[in-house]
Structures are given as C-alpha cells and as structure tokens.
Amino acid sequence: MHKAILGVAATVALTMSGVASAATISIACGSVGQEYEVCKQGAEAWAKQNGHTIRMVSVPADANEQLTFFQQLLSAGSEDLDVVRIDVIWTGLLAQHLVDLKPQVPDAELGQFFKPLVQNNTVEGKLVALPWFTDAGLLYYRKDLLEKYKQQVPTTWQELATVAKTVTEGEHKAGNTRLVGVVFQAKAAESLTCNALEWIDSFGGGTIVDEAGKVTINNPKAIEALTFMASLVGTVAPKGVLNYSEEESRGVFQSGQAVFMRNWPYAWALANAKDSPVKDKVGVTALPKGGPEGKHTGTLGGWQLSVSKYSKNQEAAIGLAKYLTGAEEQKRRALVASFNPTRPGLYQDAEVLKANPFFATLQNTFTQAVARPSKVTRGKYSKLSSEFRNAVHSTLSGRGSAEKNLKALEGKLNGLSRNGKW
Ligand code: GLC
C-alpha cells in the first residue's frame, strides 16, 4: 500500500515536472538493404531513454508505392502514423499533412544541416521535415577484375561498355560464365527515373523540365543518351535489368556476378560486410560522363523525417525525429550502414571517413547532385515521373526508338502542364 502510494506520487511528480507520459510512437522506416533494422535500433534506443514504445509501420519497398500508401493514410487523417520518412521529392506533395517543425528546432541547430536540404524541406515558410540522410547515384566497380585485365576505371559510359566487354569476355573464357558487365535499376519505378535522369544529364541533355517549367526532354542529347543506354541492354547489361530495383542490382553485384553497378551509397557497407563475397574488392567512383564532352553527375536522392499533423503524440514524435536526425545517431548510421549524413560536420569526422572514404573523395558528386524536377512540377511530379520512366522503359525494351518515345513524351508532358504552366 505504502509502495503504491509512493509510485503514484512519483508518477505525478514526473508528469508535473514536464516529462511526457509514456506513449507508443509509430514510425514508417524504409526497407531497402539494412534500412529497417538500423532505423528500428535507433528508434528503440530513443524509446528506451525516454520511456516510450516504438511501433514499426511496414511500408512497400518501392518509393512510389510508399507515396500512394502515405497519401491514402494522411488524406484520411489517420492517427496510425506519427513519424513519417519522406523522400526528397515529396515535401511539396505531403506538406499540408505535416507539422511545422520550425518552432521546435532552434536556428543554431538547423544551421548544422546542409542548407539546400533545409530549403528543400521548407514549404511556404514551414519546415515540414528534418533531413535524415542524403543520396546520390554512384558507380561501383570490381577493383580486382579491372586490375586482372589491366583496365582503367572508366570515365565515360562508352568506356564503361568497352571495359565491361573486355573483362566479361576474358572471364567467360575462363569459365566464369555468369559474370555480366553492368547492372542498374531499369524497372519502371522511381529508381528508373533517377537512373535515366543521370544518363541524360551526363550527356548534357537537361533535366526533363527546366527550372522555369519548360519541357526540355525532346532534345538530341537526351535521345543520344537513351539510344546508347538501350544499346547496352541485352549486351553489356543483362535483359533482367528491366526488372531490377536497387536490391536486385545489389544482389547480382554483391554475389560477384557483375563488373559494374550503379547504386546509392547504402550498397557500400553491405558490399564490404563480413559475409560479402566481394568484401574489399570493390571501388566506388562518380558515375561516367556521357562522352568526353559530357559530365559526371548523380541524381539527388535522400530521406527526411516528418511528423504527421494527425498524430496524437506530436511532442514525443518530434522528439524521435530530432533524435534520429541528430549528429550522434547520424554518425552511428554512417558507420554501420553508410548512410550519408545530412550534417556537413560529420564529413570531417575521422571515423566516419575511415568507414566511408568516398564521402570525402566524392564530395562534388554529393554537393552537385542533379535534382529531379519536383519543385517546379509540384503536385504533378508523380505523374511526370511515371510518364518519363515509362517512355524510358519502352526505349530500353526495344518498344520504339528514343526519338519516337521522347517526342511522344514531350507531347504528354506539355498536355499535363498546359505547356509548361505546372
Ligand atoms: C533512394 C533515394 C530516393 C529515390 C529512391 C528511388 O531511396 O534516396 O530519393 O526516390 O531511391 O528508388
């Protein structure tokens, strides 16, 4: 009896001293590679420190399907989501459902994140998400195989095709018949939009729609880029790439069956994991240029954490989002899973750089990554992206030439935007 009274008194004292009462906070984490596990560990560490419980919400792996899932839940005002992980291209699409975090994060703290990411997450003056990790497309290659065949790391896509042929022909003769030249993500999903934007930008063919909203996709450089990449499918790249997302490509590369792979930074930690067949055999560099006149580029990706307006536990949810995007947790995530921090300070951290040397060597790739045209196309970005990747997928599959498909795409996008007025 005495003990019970003491217990009640302690609870009252805690509540009065401003400590929020125990809550169950639901969070939607990603599921590509180690994302789910690493997110869960971080969220549970926070919950333990603060006397809360975590509920993990499962979401579809595909970015686009995830968006539809969130749009449905949020539009219905569902209380089932507290912390939502959102893609760099979704801030405008979901802003109306998200809590303004500006009053919760002092300017000095906000100043420790990359400015362009904070700007990207600011919609009509409201900070709708905190940057969690950033992404850019990278080229992974087999150091050991390039050395064996005395090949240089390619700097153009054309060179990549030649090197890939030399290495695969040599290996096939030696009995390693399953080896393919290159894998990337050409399934008709958001990942193809990212890959194809890289090809086109690397050839100097623009960004589908320019900053003023004008549809620029039907141009000779974009046609050249897609024609060239289509010529690789079924020769240097297996036909299977037409069905590959990130994880299918990583599966092939990590099991030692590809010379090159395009993927995001998360693949680094996994390729070098203890049980990885290619551990210590992998190099990583900027994606190739589209010919000597082209440029190295990578699509800007990355994820943010936001809090749903319909959450019944906003205070705790904000605490969780701040903890996960905090310096200590971002460092842990960089060390265990090579997630690129969104805080420039961590790119000076010796341990982070030791685990991920490419964070330093590929700084330009990360700071100058090419953005998908989500800002200018606003609510119509998803539609644009799906029209774009369908046209690219058709071209890669041999259903129509790049000329024909990009001309048709131009017409569709002009219709969608009423000639560039998105
Ligand atoms: C990565 C990127 C994200 C992109 C997605 C496509 O997760 O960070 O921005 O939309 O890949 O699959």
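Two strands count as paired if DSSP finds at least two bridges between them. The exercises below apply this criterion to a predicted model.

**Exercise 1.** Determine the order of the strands in the open sheet, and state which strands form its edges.

*Solution.* Step 1: the open sheet is formed by 4 strands, arranged in the order S8-S9-S7-S10 with mixed pairing. Step 2: strand S8 (180–183) and strand S10 (282–285) each pair on one side only, and they are the edge strands. Step 3: from one strand to the next, the twist averages 15°.

**Exercise 2.** Describe how S8 is joined to strand S9.

*Solution.* Step 1: S8 and strand S9 (residues 258–263) run parallel and are joined by 3 bridges. Step 2: opposite valine 182 stands phenylalanine 260 in S9.

**Exercise 3.** Identify the strands that H8 and helix H11 lie across, and give the angle of each helix to S9.

*Solution.* Step 1: H8 lies across strand S7 (138–142), S8 and S9, and runs at about 145° to S9. Step 2: helix H11 (residues 246–254) lies across S7, S8, S9 and S10, at about 155° to S9.

**Exercise 4.** Classify the packing of helix H8 and helix H10, and characterise the contact.

*Solution.* Step 1: helix H8 (residues 157–173) packs with helix H10 (residues 220–232) at an angle of about 10°, the axes being 11 Å apart. Step 2: angles under 35 degrees count as roughly parallel, and H8 is therefore roughly parallel to H10. Step 3: Trp157, Gln158 and Ala161 of H8 make the contact with Phe228, Met229 and Leu232 of H10. Step 4: the residues of this contact comprise 5 nonpolar, 1 polar and no charged.

How values were computed: Residues are numbered from 1 along each chain as its sequence is written. This is a predicted model: local features need pLDDT of at least 70, side-chain atom pairs count only at pLDDT 80 or more; totals for chains, interfaces and linings use all residues. Side-chain values use heavy atoms; hydrogens and water are left out. Axes are lines fitted to C-alpha atoms, for helices over the stretch in contact, and angles run from 0 to 180 degrees between N-to-C directions. Helices (H or I, at least four residues) and strands (E, at least two) are DSSP runs, numbered from the N terminus. Angles under 35 degrees count as roughly parallel, over 145 as roughly antiparallel, 65 to 115 as roughly perpendicular and the rest as oblique. Contact means heavy atoms within 4.5 Å. Ala, Val, Leu, Ile, Met, Phe, Trp, Tyr, Cys and Pro count as nonpolar, Asp, Glu, Lys and Arg as charged, and the others, Gly among them, as polar.
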